[in-house]
Every structure is written in C-alpha cells, then in structure tokens.
Amino acid sequence: MADFDRDLQRLLLGAGCYFVRAGKGSHQIWFSPLTNRHVPVPVGIKSRHTANAVLKDAGLPKSF
C-alpha cells in the first residue's frame with residue numbers, strides 16, 4: 001500500500017498552499033490561500049479517501 005504524502009504535498013504546494021508547523025501527534029498544519037484557512041494534514045496517509053478529503057478542505061479538486 002502506497003503513502004499519498006509526497007503526491008499530496010506536491011499538489012498543495014502547486015496550489016500555493018504552504019507548511020505552517022507540525023501539529024499535535026502525527027499531523028502537519030498547512031495554510032490554503034484558496035480557502036484562507038489552516039488545514040490539518042495527516043502524516044503517512046494510506047487511504048486515497050483521506051488524501052482527497054485533505055484536498056477538499058484545501059479547496060482543491062479530488063486527485064486520487
């Protein structure tokens with residue numbers, strides 16, 4: 001089973017999102033200028049559904 005982390009980060013960066021800080025536990029906090037809000041991004045995403053939910057929260061279309 002593949003991790004979606006690298007591809008997800010590439011998509012977020014390409015949309016102008018940026019890493020803010022490491023969150024509590026196994027999450028990172030990113031900021032999305034598309035939605036003007038912070039988005040929690042789990043580390044080690046194994047599910048395409050979770051990866052797509054992060055994209056949705058960041059204001060991006062599904063890609064997985």
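Helices are DSSP runs of H or I spanning at least four residues, strands are DSSP runs of E spanning at least two, and both are numbered from the N terminus. The model is predicted: local features need pLDDT of at least 70, side-chain atom pairs count only at pLDDT 80 or more, and totals for chains, interfaces and linings use all residues. Residues are numbered from 1 along each chain as its sequence is written, and side-chain values use heavy atoms, with hydrogens and water left out.

View A. Leaving aside residues up to four places away in sequence, N52 is in contact (heavy atoms within 4.5 Å) with K62, S63 and F64.

**View B. The salt bridge between D3 and K46.** Two salt bridges are present in the structure, the term denoting a side-chain nitrogen of Lys or Arg within 4 Å of a carboxyl oxygen of Asp or Glu. In the pair of D3 and K46, the closest N and O atoms lie 2.6 Å apart. This pair links distant parts of the chain, 43 residues apart: D3 belongs to the segment before α1 (5-14), and K46 to the loop between β3 (37-42) and α2. D3 is partly exposed at 42% relative accessibility, as is K46 at 44%.

**View C. The salt bridge between D7 and R10.** The N to O distance between these side chains is 3.9 Å. Because D7 and R10 are three residues apart in helix α1, about one helical turn separates them. D7 is partly exposed, at 34% relative accessible area.

Technical notes: Buried < 20%, exposed > 50% of the residue type's maximum accessible area, 1.4 Å probe, protein only.
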